[in-house]
Amino acid sequence: MTRVAFQGITGAYSEEAIRQFFGPEVESIPYNALDDVFFAVDRGEADYGMVPVENAIAGSVIRAYELLMEHDLRIYAETILQVRHMLLALPGTQLSEVKRVRSHPQALAQCQRYLARHGLEPEPAFDTAGSARDLAANPQPDVAVIASELAAELYGLNIIDRDIEDFPFNYTRFFVLAMENPPRAQRNKTSLIFTTPHQPGALYECLGEFAKRHINLTKIESRPRLNRPWQYIFYLDFEGHCQDQECEAAIMGLLRRSSFVKLLGSYPAATTPSLGHQVGKASESPC
């Protein structure tokens, strides 16, 4: 059976992403920290790692990108999960009985309008799935939690309201990490890290290697370089495979102009799921 490491506890959104990508017949292995997920794949404790790297609302997961710099794992694939927050409570509980709602601070923030509209008091907790597990273990009739549909299923809680997030376009992008490169796909994306010399126009010249070959960049972000104050690393995603003729030429040009390049992988490009019924629901929410 395929073993996939993730950060969190059983029922976390990362585990939902695992099931979305690999299917239900997979062994999900929880770890306390993102660092542990990378080490698990490094050591062979897991075949793959599922790591969140970017949220459409909250932005990049900085620690994930730092670990991509530190480890030599390959990006095997990407998958995009539509984060659908559910309001969970003990069986038989009605929404009118709920006074307090527990969850991870980010989940509470993403449902702020909903909580205010229903007069519910938010209570920050360690994580979403952990809130569901703790409520099941220590029942409190006036408490609900915000977590995934998977968490409701695993911990025996009822879903008393669905899709309560304030913004329907709440997507999280995950990388599937492995020791090996994936098979080439019809649509590919490539991720890499690079640094530039400290001179005028250096970044412009590096990016020009892609522009003059009409290669579309899908993400660029700078982060401080650890242990080197006031130096920066650039994370870059672009459409295409590193073995495509134009992409290979662009990477070679980047190698000549930059001071450091690390290829993270070329992998099948994911498609963002459709919003579906959520759009209609979101339009009913007051601004």
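**Notes on the sheets, cores and salt bridges**

1. Contact here means heavy atoms within 4.5 Å. Helices (H or I, at least four residues) and strands (E, at least two) are DSSP runs, numbered from the N terminus. Axes are lines fitted to C-alpha atoms, for helices over the stretch in contact, and angles run from 0 to 180 degrees between N-to-C directions.

2. A word on the model before going further. It is predicted: local features need pLDDT of at least 70 and side-chain atom pairs count only at pLDDT 80 or more, while totals for chains, interfaces and linings use all residues. Residues are numbered from 1 along each chain as its sequence is written, and side-chain values use heavy atoms, with hydrogens and water left out.

3. Within helix 8 you will find Leu-207. Setting aside neighbours within four places in sequence, Leu-207 touches Phe-194, Leu-217, Ile-220 and Leu-236. Because its relative accessible area is 22%, Leu-207 is partly exposed; the classes are buried under 20% relative accessible area, exposed over 50%, and partly exposed in between (1.4 Å probe, protein chains only). From the C-alpha atom of Leu-207 to that of Val-4, 203 residues away along the chain, the separation is 35 Å.

4. Now the sheet under that helix. Four strands form an open sheet in the order 13-14-12-15, with antiparallel pairing; two strands pair if DSSP finds at least two bridges between them. Strand 13 (217–224) and strand 15 (260–268) each have a single partner strand, so one side of each lacks a neighbour in the sheet. On average, neighbouring strands here are turned by 15 degrees against each other, direction ignored.

5. Strand 12 (residues 188–195) pairs with strand 15 over eight bridges, in the antiparallel sense. Asn-188 stands opposite Pro-268 of strand 15. Helix 3 (residues 62–70) also lies across this sheet, over strand 12, strand 13, strand 14 (232–239) and strand 15, at about 110 degrees to strand 15.

6. The largest nonpolar core has 24 residues, of which Phe-38, Val-51, Leu-68, Phe-175 and Leu-177 touch the most other members. Such a core is a set of buried Ala, Val, Leu, Ile, Met, Phe, Trp, Tyr and Cys residues joined through side-chain atoms within 4.5 Å. Strand 2 (27–31), helix 2 (34–43), strand 3, helix 3, strand 11, strand 14 and strand 15 are the elements giving two or more residues to this core, and helix 2 gives the most, with five. Leaving out neighbours within four places in sequence, Leu-68 is in contact with Phe-38, Phe-175, Leu-177, Ile-193, Lys-262 and Leu-264. A second, separate core of 18 residues includes Ala-77, Ala-129, Val-176 and Ala-178.

7. On to charges. Side chains of opposite charge can pair when their charged atoms come close. The structure holds 23 salt bridges, each being a side-chain nitrogen of Lys or Arg within 4 Å of a carboxyl oxygen of Asp or Glu. In helix 3, Glu-66 and Arg-63 sit three residues apart, about one turn of the helix, and their side chains meet in a salt bridge at 3.0 Å, N to O. Glu-66 is partly exposed at 21% relative accessibility, and Arg-63 is partly exposed at 28%.

8. Glu-54 and Arg-173 make a salt bridge at 3.5 Å, N to O. This pair links distant parts of the chain, 119 residues apart: Glu-54 in strand 3 (residues 48–55) and Arg-173 in strand 11 (residues 171–178). Is Arg-173 buried or exposed? Arg-173 is buried, at 8% relative accessible area, whereas Glu-54 is partly exposed at 24%.

9. Five strands form an open sheet in the order 8-7-9-6-10, with mixed pairing. Strand 8 (121–124) and strand 10 (158–161) stand at its edges, and neighbouring strands are turned by 40 degrees against each other on average, direction ignored. Strand 7 (residues 100–103) and strand 9 (residues 143–147) run parallel, joined by three bridges; Arg-102 has Val-145 as its bridge partner in strand 9. Helix 6 (residues 128–137) lies across strand 6 (86–89), strand 7 and strand 9, at about 150 degrees to strand 9.
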